[in-house]
Amino acid sequence: TLRAGVREDALATLDAIEARALEDEEVVCALGNAATDAALLALVNARDGDEDVRERAGDVYAMCVKRCPSGAAFPAYGLVQTGKFVACAVGSLALPTALRLRLPRHDRFPSVSAMVWHSSIALGRYLFRPEVRAWVQAFGRARGRETSALEIGGGAMVAGLAFSCSFPDEGWDVVLSDVDDNAVVNARYNIEKQKKIQPAFNTKTRSAIVDWNADDDSDSDSDSDSPSLAFETFDIILGADVVHEEPHSHGVIRALTKYLDPNGVALIVNPAPASRGGADTFRQLLNDDTRWNATTTRITNSIIRVGIEDETEDVPLDFYVIQKHGAATE
């Protein structure tokens with residue numbers, strides 16, 4: 001309890017508030033929910049209060065404003081701003097792994113980036129299969145250089161985070177991307193969380209804004225001082241439920257054209273055409289364009305699909321393996 005008349009108690013409490021908020025930005029929302037924003041202001045404005053306490057309370061208040069999660073507000077003005085958290089079982093029997101994620105907040109309307117799509121869980125589980133892990137490891141070694149993976153249209157970034165858990169120390173540079181800035185900022189939070197809670201996690205994982213409809217190379221990390229993705233290509237591109245409207249089919253093709261290395265591989269899981277708009281067009285574009293060598297397989301493996309109907313939705317899923325024509329790994 002903050003007691004402005006007891007200097008030692010007040011300073012110790014303020015130190016504890018700052019330490020917890022710096023450790024986890026969600027603490028800022030919890031403080032607002034508990035009306036701590038009003039208590040801090042009362043300390044700052046206490047005319048007969050201790051000067052050190054008033055100054056320290058002001059510093060903590062300013063820190064909370066700065067650390068407040070995207071989509072939330074501090075001061076909270078009495079609003080309850082509880083975040084939404086999920087656990088996604090993406091591992092295998094040999095390597096059981098559950099991602100514990102915060103979903104992006106949005107101010108007014110729900111967004112597709114604030115949901116966990118079953119395609120992303122299926123792709124995440126696929127990345128933990130022993131034969132897939134062996135292939136990715138061999139593929140990376142064969143490159144003879146630093147290797148990179150990009151998730152496009154990631155939303156909650158389940159597939160990309162699963163990749164970073166499955167390949168924590170294989171020399172991969174992993175980028176999780178979306179056009180939604182809230183999703184990209186939220187991914188940074190989840191990346192830091194996985195570093196703390198997962199037995200193994202790729203520390204070279206970052207998030208970036210990627211707009212596959214952009215005409216220029218203006219894609220950049222959500223921090224202004226972070227490196228741009230301009231002219232960068234990736235050895236593996238991941239995508240989950242990236243085509244769910246007609247324009248997305250052309251957008252994903254543009255992203256693959258721009259970001260897939262000439263000898264790279266794209267792994268995409270998407271609901272079947274009957275369940276998603278644009279999916280049939282996407283398949284036709286891959287089949288009709290001689291630039292692409294693509295195979296499509298319906299996912300029927302019960303280990304990959306088990307529990308998905310409980311976690312998200314249950315629709316037929318297609319798995320795409322896509323390379324540029326003439327790739328060395330065809």
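Contact here means heavy atoms within 4.5 Å. The model is predicted: local features need pLDDT of at least 70 and side-chain atom pairs count only at pLDDT 80 or more, while totals for chains, interfaces and linings use all residues. Residues are numbered from 1 along each chain as its sequence is written, and side-chain values use heavy atoms, with hydrogens and water left out.

**View A. Helix α3 against helix α4.** Helices (H or I, at least four residues) and strands (E, at least two) are DSSP runs, numbered from the N terminus. Asp37, Leu40, Leu41, Leu43 and Val44 of α3 meet Val53, Arg54, Ala57, Gly58, Val60 and Tyr61 of α4. By class, this contact has eight nonpolar, one polar and two charged residues (nonpolar: Ala, Val, Leu, Ile, Met, Phe, Trp, Tyr, Cys and Pro; charged: Asp, Glu, Lys and Arg; polar: the others, Gly among them). The axes of α3 (residues 36–45) and α4 come within 8 Å and cross at roughly 145 degrees (axes are lines fitted to C-alpha atoms, for helices over the stretch in contact; angles run from 0 to 180 degrees between N-to-C directions). The crossing of α3 and α4 is left-handed (the near helix is turned anticlockwise from the far one by less than a right angle; clockwise is right-handed).

**View B. Helix α1 beside helix α4.** The axes of α1 (residues 7–23) and α4 (residues 51–67) cross at roughly 15 degrees and come within 10 Å. The two helices are therefore roughly parallel (angles under 35 degrees; over 145 is roughly antiparallel, 65 to 115 roughly perpendicular, the rest oblique). This crossing of α1 and α4 is left-handed. On the α1 side, the contact is made by Arg7, Ala10, Leu11, Leu14, Asp15, Ile17, Glu18, Ala21, Leu22 and Glu23. On the α4 side, Asp52, Val53, Arg56, Ala57, Val60, Met63 and Arg67 take part. The contact of α1 with α4 has ten nonpolar residues, seven charged and no polar.

**View C. The open sheet of seven strands.** The strand order is β5-β4-β3-β6-β7-β9-β8, with mixed pairing (two strands pair if DSSP finds at least two bridges between them). β5 (205–209) and β8 (292–298) are the edge strands; each has a single partner, so one side of each lacks a neighbour in the sheet. From one strand to the next, the twist averages 20 degrees. β3 (residues 147–152) and β4 (residues 172–178) run parallel and are joined by five bridges. Within this pair, Ala149 stands opposite Val174 of β4.

**View D. Helices α6 and α7 across the sheet strands.** α6 (residues 130–143) lies across β3, β4, β6 (234–240) and β7 (260–271). It runs at about 160 degrees to β7. α7 (residues 158–166) lies across β3, β4, β5 and β6. Its angle to β4 is about 165 degrees.

**View E. Helix α9 packed on helix α10.** α9 (residues 246–259) and α10 (residues 279–288) pack at about 35 degrees, with axes 8 Å apart. The crossing of α9 and α10 is right-handed. Glu246, Ser249, His250, Val252 and Ile253 of α9 make the contact with Thr281, Phe282, Leu285 and Leu286 of α10. Here the classes are five nonpolar, three polar and one charged.

**View F. An aromatic pair, Tyr126 and Phe319.** Rings of Phe, Tyr and Trp (its six-membered ring) pair if their centres lie within 6.5 Å; planes under 30 degrees apart are stacked, over 60 edge-to-face, the rest tilted. The model has seven aromatic pairs by this rule. Tyr126 and Phe319 form a tilted one, at 4.5 Å centre to centre and 45 degrees between the planes. Tyr126 belongs to helix α5 (residues 118–126) and Phe319 to strand β9 (residues 317–324), so the pair ties together parts 193 residues apart in sequence.

View G. Phe74 and Pro75 are joined by a cis peptide bond, with omega about 10 degrees.
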